[in-house]
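Subject: The structure I promised

Hi,

Here is the structure I said I would pass on. Have a look at it first, and then read my notes below.

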Amino acid sequence: MNLDWSVVAAHRGVLAAATGMTILLTVATMAIAVPCGIVVASVRLYAWAPLRAMATAYVELFRNLPLILLVYWAFYVLPIATDVGLSPFATGLAALALNVTAYNAETFRAGIGSIRRGQLEAAMALGMSRTQAVRRIVLPQAVRRILPVLASTWVSLFKDTSLVSVIAVPELAYVAMQIRAQTFRVLEMLTAMAAIYWLLGYPQAKLVDWIQRRYAVTE
Amino acid sequence: MSRRAKESGATIIRYRGVVKRYGAFEALSGVDLDVHAGEVVCLIGPSGSGKSTLLRCTNALETIDGGAIEFEGAELPRDERALREVRRRMGMVFQSFELFPHLTALHNVAEGPRTVLQARRAEAENRARAMLAKVGLSDKATNYPAALSGGQQQRVAIARALAMEPDVMLFDEPTSALDPETIGEVLSVMKALADEGMTMVVVTHEMTFARRVGDWVAVFDAGRIVEQGPPRQIFDAPTTERTRDFLSHLGWHGETL
């Protein structure tokens, strides 16, 4: 077999930019999906029943749809339905954030649910409001407990950003596939892509493991 | 001599026909009891007799289904904000400590003043240090709860409650989860608090504590108070069969210490 790795070096500039886009998508999605996940989880746990039902419906809808379908749907249906034309980047980000928020909401809900009721009572017995007790006492413990799950979600998301390549967001998968199509260097480009994803993903996973060890709460 | 026998202060907490149900089960079936200022009232009785439930109704961690609980002459408010102020004035100590595991001992005690009283950090931490000193744990300020013994954790929990400058302290079986060798240190902190004149309602299985420190003892059985009176009456001359049964089941045959 005749391999020519120079194709990777020749496109290093665009590959680097595409990698940057992949990282940006991951960070931006999480930046939306973590706070939104907390909000949705809190609504499901503490809010007025009709709101709670809406939050549940949201989670069950977006958690059970294939992400790629969500991406296509946001790209083709949303503009027709709402007359709002978003850029491919914004569309991809919206689809990812909707999906990951649903997962994070479940993660936070499980984390909050794992904190003994006595903790909330002890905080309220001091005179805290329920909101203060959740924010100051329950949530910090829950977050520490679910860090490993959030970390796996993060790493999954990092890889799943490749799905928005179907709507031409210039992230790593899309750009690598473009180069492959132009140069016919399939094996080289797929291998380069795999190497970049792995080299970036592995340290992220290790970093979060470290954070988890560092901030774990022992009882 | 019991404080009530000497001269009791004003009534701080008054329970009138308090009823609490969990579904079909009636946990409290009409409880009447007065707690006076400066008094230590001990609630004793078999497990499941309703004494912890009454304590948890006192600061509205549980709502009641009948009767009334008055705090300083006013019925417990339903309004959330007013209720928080009442809770602030009633310190509570739990059987399972319920220290906040993600905070050091110092920050456990400073958390209430910081969040509820909106004290500045330095002020809250100074107060927390003073409270830790009071329970004899100045040297453990930077320890997390996991690095403390059960007795130490419960003393931090007492300091945490005291940091809110409560008018009443509620103790829910404060020594039941402790190893025998650490029970004494918690009881002596409680005794010191009683000697300072703190009003205390104590659910306990420590009969010696109830006998020596209590001013008034209420014996619970099946959701009712079957007998109440000064400890001398309850322990030395119980008037009801239920009290005698309960005490003899515990192996109480007069004071052992």
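First, a definition: a residue is called buried when its relative accessible area is under 20%, exposed when it is over 50%, and partly exposed in between, with a 1.4 Å probe and protein chains only. B:Asp34, for example, counts as buried because its relative accessibility is 16%.

Some ground rules before the tour. This is a predicted model, where local features need pLDDT of at least 70 and side-chain atom pairs count only at pLDDT 80 or more, while totals for chains, interfaces and linings use all residues. Residues are numbered from 1 along each chain as its sequence is written, chains are lettered from A and ligands numbered from 1 in the order in which they are written, and side-chain values use heavy atoms, with hydrogens and water left out.

Chain A

Chain A has nine helices and zero strands; here helices (H or I, at least four residues) and strands (E, at least two) are DSSP runs numbered from the N terminus. Its C-alpha atoms fill a box of roughly 70 × 45 × 25 Å along the principal axes. Of its 219 residues, 42% count as buried. Take the contacts (heavy atoms within 4.5 Å) in chain A with a separation of 6 or more: 79% of them come from residues 24 or more positions apart. The chain exposes about 11,100 Å², with carbon and sulfur atoms supplying 67% of that; these areas come from the Shrake-Rupley method with a 1.4 Å probe, and for residues only the protein chains shown count as cover.

Where the two chains meet

Each side brings a list of residues to the contact: 22 residues from chain B and 22 residues from chain A. Together the two chains bury about 2,000 Å², 60% of it on carbon and sulfur atoms. Buried area here is the accessible area (1.4 Å probe) that two parts lose on being put together, summed over both. On the chain B side, B:Glu98, B:Pro101 and B:His102 supply 29% of the area buried against chain A, more than any other three residues.

There are three salt bridges across this interface, a salt bridge being a side-chain nitrogen of Lys or Arg within 4 Å of a carboxyl oxygen of Asp or Glu. One of the salt bridges in the model pairs A:Arg116 with B:Glu98, at 2.9 Å from N to O. This pair crosses between chains, from the loop between helix H5 (88–113) and H6 of chain A to the loop between S6 and helix H4 (105–115) of chain B. A:Arg116 counts as partly exposed at 39% relative accessibility, whereas B:Glu98 counts as buried at 5%.

Another pair is B:Arg56 and A:Glu121, whose closest N and O atoms are 2.7 Å apart. B:Arg56 lies in helix H2 of chain B and A:Glu121 in helix H6 of chain A, so this pair joins two chains as well. Both B:Arg56 and A:Glu121 are buried.

The two helices behind that pair

Helix H6 of chain A (residues 117–125) has eight of its nine residues buried, so it is largely enclosed by the rest of the structure. Among those buried residues are A:Gly118, A:Leu120 and A:Met124. What covers them includes helix H7 (130–160) of chain A, together with helix H2 (51–58), helix H3 (80–88), strand S6 (90–93) and helix H6 (150–162) of chain B. Just after H6 of chain A, A:Gly127 takes a positive phi of about 110°.

H2 of chain B is largely enclosed too, because eight of its eight residues are buried. They include B:Lys51, B:Leu54 and B:Cys57. B:Ala60, which follows this helix, has a positive phi near 60°.

Salt bridges elsewhere

Over all chains the structure holds 26 salt bridges. Within chain B, B:Asp34 pairs with B:Arg16, the closest N and O atoms being 3.2 Å apart. That links distant parts of the chain, as B:Asp34 sits in strand S2 (residues 25–36) and B:Arg16 in strand S1 (residues 11–22), 18 residues apart. B:Arg16 is partly exposed, with a relative accessible area of 35%. In chain A, a network of salt bridges links A:Arg44, A:Glu60, A:Arg63, A:Glu106 and A:Arg109.

Happy browsing!
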